[in-house]
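Here is a short briefing on a structure with its sequence. Look it over, then read on.

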Amino acid sequence: MTSLALVIVTTALVNNVVLSQFLGLCSFLGVSKQIKTAASLGGAVIFVITIASGVANLIYTYVLDRLGLDYLQTIVFILVIAGLVQVVEMFLKKQVPAIHKALGIYLPLITTNCAVLGVALNNVTDGFGFFESVFAGFGTAVGYTLAIVLLAGIRERIEGNDIPKPFRGAPIVLLSACLMAIAFYGFGGLSLG
Amino acid sequence: MVMFLSTVIVLAVVGLLMGLLLVFASETFKVEVDPRETAVRECLPGNNCGACGFAGCDAMAAAIVKGEAPVNGCPVGGAPVGDKIAVVMGVVAAPEREKKVAFVKCAGTCDVQKPKCSYVGIESCEAAMTIPGKGIKACTHGCLGYGSCVAACQFDAIHVVDGVAKVDRSKCVACGKCVATCPQHLIEIVPDKAPYAVQCSNKDKGPIVRQVCGAGCIGCGLCARLCEQGAITLTDDVAHIDYSKCIGCGKCAEKCPSKIIRMR
């Protein structure tokens, strides 16, 4: 149990998917204008990554590894995750319309998000089992949500500020993200386990 | 060669399986949508402004199909959209709702309002409200002129002209976004055809109003006494017109000593 908690802390904070692994940057910068939309996207990401990392782990363990086809993991994961998100979206639309309404527009957006694929591949590299994979996926997604909501908060703040002209738009956002990354680097000093 | 073949075969099989899964899922989890709902949604403007009272155009379309909302309930589209939806739904549209527009109850333009300080800060009324004395104008009740309402308007219908927000009546759809945004609560939704309006919201007593603004309601109550329809009341030392009673005779505007009841 402690090892699972450790997996979550490590993936969410120490190895934050956005700020120390630089995955999922396009949505991190694109959908972080408002806290509300950022939080909704974060919810969708948590949902998708948690499911996808579990399924990817099953496929790796019982299909690819058994058949000695490890080298196909990247492309197979892409296929499976893309299809899976579509199925999940249809399922939610029919069975849980409330969740679909809240997260629906973000689901197709993250079908091909590199963070989702990155978690699946990292889990294989780290040799995680099924439960560890699911927890790692969940932790990573929580880390992603944390990062994007924090950045959205900063961007809402800087919106009304008098920023020097050359820094307006993308530069100031990248600088803010960079400072956040430095702050998150501090989690590397945690002695865990 | 074996590696090449196995790669192709595995990917083909995985792709085929995912494809079949999607086909199966799209059949199993099909959600029946009333085709009229899609048709109605296409007639609506798609601004998702919420002026109809529903969460957005999709919610409005669903409500119209269910009969919970009138076919001409979209204030943005008005009669043309109402007619189109009426055709889809196969009903005759109810008489058109009276057109309403937003109105800013302040006439404190730059020529009557001398700045008491200079303001360097975030260009929004909410931010300007936080400084002591509320903005740079002498009057603490009036339009701050930093355009929070302009930013809130989805229809480009309100602009700050000469230091005071002004509504473009041809573009305004009375969605009420500016009313909710204005930190001074200066904006009111009024009937478009109402000819006269009180252009002040200063709740101070007459002498103080005179000091801070050349165009302010001094709360004398002359208009309230003159109005034969009983449409004008004086609350918090500001005249207020009840548009359900106002017939637009203009007697109030004629006699108003501060000339603050004006033709719009």
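**A helix to start with**

Helix α6(A) has twelve residues, and from its first C-alpha to its last it reaches 16 Å, close to the 16 Å expected at 1.5 Å a residue. The expected span is 1.5 Å times one less than the number of residues. Helices (H or I, at least four residues) and strands (E, at least two) are DSSP runs, numbered from the N terminus.

This is a predicted model: local features need pLDDT of at least 70, side-chain atom pairs count only at pLDDT 80 or more, and totals for chains, interfaces and linings use all residues. Residues are numbered from 1 along each chain as its sequence is written, while chains are lettered from A and ligands numbered from 1 in the order in which they are written.

**Around α6(A)**

- Buried here means that 20 or more other C-beta atoms lie within 10 Å of a residue's own; exposed means 12 or fewer, and partly exposed is in between, with C-beta atoms placed from the backbone.
- In α6(A), the buried residues are A115(A), V116(A), L117(A), V119(A), A120(A), N122(A) and N123(A).
- Their cover includes α3, α4 and α7 of chain A.
- After α6(A) comes G127(A), with a positive phi near 65 degrees.

**Chain A as a whole**

- Chain A has eight helices and zero strands.
- Of its 193 residues, 38% are buried.
- Two residues are in contact if their C-beta atoms, placed from the backbone, lie within 7 Å.
- Among contacts in chain A with a separation of 6 or more, 82% join residues 24 or more positions apart.

**Nonpolar cores**

- A nonpolar core is a set of buried Ala, Val, Leu, Ile, Met, Phe, Trp, Tyr and Cys residues joined through C-beta atoms within 7 Å.
- The largest one has 52 residues, and those touching the most other members are A44(A), V48(A), A52(A), A56(A), I81(A), V116(A) and I148(A).
- Two or more residues each come from α1 (2-14), α3 (35-67), α4 (73-95), α6 (114-125), α7 (130-159) and α8 (170-185) of chain A.
- The most come from α3(A), which gives 13 residues.
- Neighbours within four places in sequence aside, I81(A) contacts A52(A), A56(A), V116(A), L117(A) and A120(A).
- Another core lies apart from this one; it has 48 residues, including A102(B), V104(B), C153(B) and C178(B).

**A residue in α8(A)**

- A181(A) sits in helix α8 of chain A.
- A181(A) has 15 other C-beta atoms within 10 Å, so it is partly exposed.
- Leaving aside neighbours within four places in sequence, A181(A) contacts L19(A) and S20(A).

**Chain B**

- Chain B holds ten helices and eight strands.
- Of its 264 residues, 33% are buried.
- Helix α1 of chain B (residues 2-28) has 27 residues and should span 39 Å at 1.5 Å a residue; its end C-alpha atoms are 38 Å apart, which agrees.
- The number of buried residues in α1(B) is zero, so this helix lies largely in the open.
- Strand β1 of chain B (residues 100-104) is largely enclosed by the rest of the structure, because four of its five residues are buried.
- Over five bridges, β1(B) pairs in the antiparallel sense with strand β4 (residues 187-191) of chain B; strands pair if DSSP finds at least two bridges between them.
- V104(B) has I187(B) of β4(B) as its bridge partner.

**Where the chains meet**

- 15 residues of chain A are in contact with 17 residues of chain B.
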